[in-house]
Amino acid sequence: MSDHRAPAYRLRNVSCERGSQCVLDDVSLDVNYGQILALVGPNGAGKSTLLAMMSGDLAPSSGTVELNGAPLDSYSAKELARQRSVLLQANMVSFAFTVHDVVLMGRTPWAKTSDEDTDEWLTSQAMQDADVEHLASRSFQALSGGEKARSSLARVLAQDTPIVLLDEPTASLDLRHQEDVMVVARRLANSGHAVVVVLHDLSLAGAWADEVVILSNGMLAHQGTPEAVITEATVKSVYGIDVHVLRDPNDRLIVVPKRA
Amino acid sequence: MAAPVAVRHRRRFTVLVVIILLTLLGAIASAMAGQLAASGTDVLGSFLHGIGINTGWRPTDELVEQTLLQIRFPRVAMSLLVGASLAIAGAVMQSIFGNPLAEPGVVGVSSGAALGAALAIAIGMTTFGAWSIAVMAFLGGFLSTILVYSTARSEGRTEVVTLLLTGIAINAFAGAGLALMMFSGGAAAREQIVFWQLGSINGSRWSEVAIVVIVTVPAILWVSLMARRYDVLSLGERSAAHLGLNVERLRIVSIVLVALLTAAGVAFVGIIAFVGLVVPHVIRMLLGPSHVWLLPLSALAGALLLVWADLCARIIIDGSDLPIGLLTSLIGGPFFFYLVRSARSRAGGWA
């Protein structure tokens, strides 16, 4: 597979300008295998842009992005597809493909390298993990937002890559499925995958991430363990809101706004 | 899921067999119809004679045989080829624009090709010999596709409303260009352009069929080989790229092939709209959206549709040969209307 001594990603002084606006400003960051890295921050802080840099959709206007120790742009589209999978925020499918068809498309980068049985097995495994087995023969277009998100997650899991990039995978999900997604992410990280996940829910980030990065106005504001980064002071300074940072009975972080 | 898969396979097989049988039937019926009556055995006998097998079915009347070989057969062949090309071109366009409403006629590729061809007719161009009209049709079709494609895309995304609006603009411009050709051309050129603009397979010659075969058959095969990629593309550009698909290259190759497939037909039979809209839609309803089946079966069903449409065009009104483009638009227009209405109410229809 890949050289696991090098970090999955090494970003150095990455900036990205869109038009005249600076959406990422001098971000340096390592993403390591075997960890969940949570990207948090207010709307428009540059989380999705940073993820697009890692996935190779956007090239930085300055700075360098390395994947497994080699420049990201030295990878072909196919090589990249065997290294990292990406779940976008919005997922649509143009024609009435079934959920099973869509998840099976996740196997595309491995065409001709794996046999059909492996593809089927990984596909059904992924559908189990994302809890969409019962939707297998339904048309993707006819699903609810949350079901679409889970089916797309299954497609990403079926791609079976060492690096998994998830942009707000929990956004449209109910409480149970939010937890399910994070359990899957945890399992991936424990088995050596690098998982980068954009989250809005600081409690989810606090409870599940190994490392949290807070972006603010395109800059990397804070980085470290959840305990070190998610504090009343940092949340106040980045989000401009007063919060309580509490502990649940299992000593995991909970973030709630201070309400009158 | 063993049972549904088996059912699906049987369904595909049934549809395939039915389409092939109906196409053959249509081809034979089409060759039989006309002022000079020919029987089914005449048709088969002449066909076998044509490919070098002499049987007892060979028509005794020399005139019948010559009519079949020189007039009817090239006409049937042309309708099959053009139908297949237009239908598969429609399916490919719908895939690369991610919208079931995209079609060479709607988007303006057909009229762009028509303008190119009309120019060649009007100025009596012979630069490329027998290929002149075809080459100009291709250039016109290609340029209008590029124009639509570059206008309708911004920041790597295809805006479908923009796409259709651009199509309107190109259709209007090409319409004006055609009118100008007719206005300024001589009487003979004028008549040629008018008839040809209405779309008719009447008067197809083997030399023309040969050109269409050379252009469309490789294009149809090439497109069919990319079926899996078109499937992945339906996840949207970015997700398709994340799965290792070279989206930009796929689109450019597809655009060239669509322009070729459309122009080859338009150059010799004129504008036949809506085949690329109706056929893939029906195949999708029957067999689902997978391009592995959609593309080849659209080609077959397009051949089926046009061979029967051409037959109808000749026999609906006794003694007259209706323009086939008129017939397909008569059916295709309301169908497009229905598609627009159903797409409007469904999520993802526009975006």
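Which residues point one way from strand 3 of chain A, and which the other way?

Good morning. This is a predicted model, in which local features need pLDDT of at least 70, side-chain atom pairs count only at pLDDT 80 or more, and totals for chains, interfaces and linings use all residues. Residues are numbered from 1 along each chain as its sequence is written, while chains are lettered from A and ligands numbered from 1 in the order in which they are written.

I begin with confidence in chain A. Its mean pLDDT is 92, and 98% of its residues reach 70 or more; pLDDT is the predictor's confidence in each residue, from 0 to 100. Helices (H or I, at least four residues) and strands (E, at least two) are DSSP runs, numbered from the N terminus.

Let us turn to the sheets of chain A. Six strands form an open sheet with mixed pairing, in the order 6-7-8-3-9-10; two strands pair if DSSP finds at least two bridges between them. Strand 6 (84-87) and strand 10 (219-224) of chain A have a single partner strand each, so one side of each is left without a neighbour in the sheet. On average, neighbouring strands of this sheet are turned by 15° against each other, direction ignored. Axes here are lines fitted to C-alpha atoms, for helices over the stretch in contact, and angles run from 0 to 180 degrees between N-to-C directions.

Within this sheet, strand 7 (residues 163-167) and strand 8 (residues 194-198) of chain A pair in the parallel sense over five bridges. One residue of interest is A:Asp167, which stands opposite A:Val198 in strand 8 of chain A. Two helices pack on the sheet. Helix 5 (residues 145-158) of chain A touches strand 6 and strand 7 of chain A, and its direction makes about 175° with that of strand 6. Helix 6 (residues 175-190) of chain A touches strand 3 (36-40), strand 7 and strand 8 of chain A, and its direction makes about 150° with that of strand 8. Two residues are in contact if their C-beta atoms, placed from the backbone, lie within 7 Å.

I now return to the opening question. From strand 3 of chain A, A:Ile36, A:Ala38 and A:Val40 point one way, A:Leu37 and A:Leu39 point the other way, and all are buried. A residue is buried if 20 or more other C-beta atoms lie within 10 Å of its own, exposed if 12 or fewer, and partly exposed in between, with C-beta atoms placed from the backbone. In a regular strand the side chains alternate between the two faces of the sheet. Strand 3 of chain A runs parallel to strand 8 of chain A, joined by four bridges, and also pairs in the parallel sense with strand 9 (residues 211-216) of chain A over four bridges. A:Ala38 stands opposite A:Val197 in strand 8 of chain A, and its bridge partner in strand 9 of chain A is A:Val212.

A:Val229 counts as buried because it has 24 C-beta neighbours inside 10 Å.

Chain A has another open sheet, of four strands in the order 2-1-4-5, with antiparallel pairing. Strand 2 and strand 5 (70-71) of chain A stand at its edges, each with a single partner strand, so one side of each is left without a neighbour in the sheet. Strand 4 (residues 62-67) and strand 5 of chain A pair over two bridges, with A:Leu67 opposite A:Ala70.

Finally, chain B. This chain has 15 helices and two strands, and 50% of its 351 residues count as buried. Its C-alpha atoms fill a box of roughly 65 × 60 × 35 Å along the principal axes. In helix 2 (residues 40-50) of chain B, the buried residues include B:Asp42, B:Val43 and B:Phe47.

How do the chains meet? 22 residues of chain B are in contact with 22 residues of chain A. Helix 11 (237-242) and helix 10 (227-233) of chain B each supply at least two residues of the side that touches chain A, and helix 11 of chain B gives the most, with four residues.
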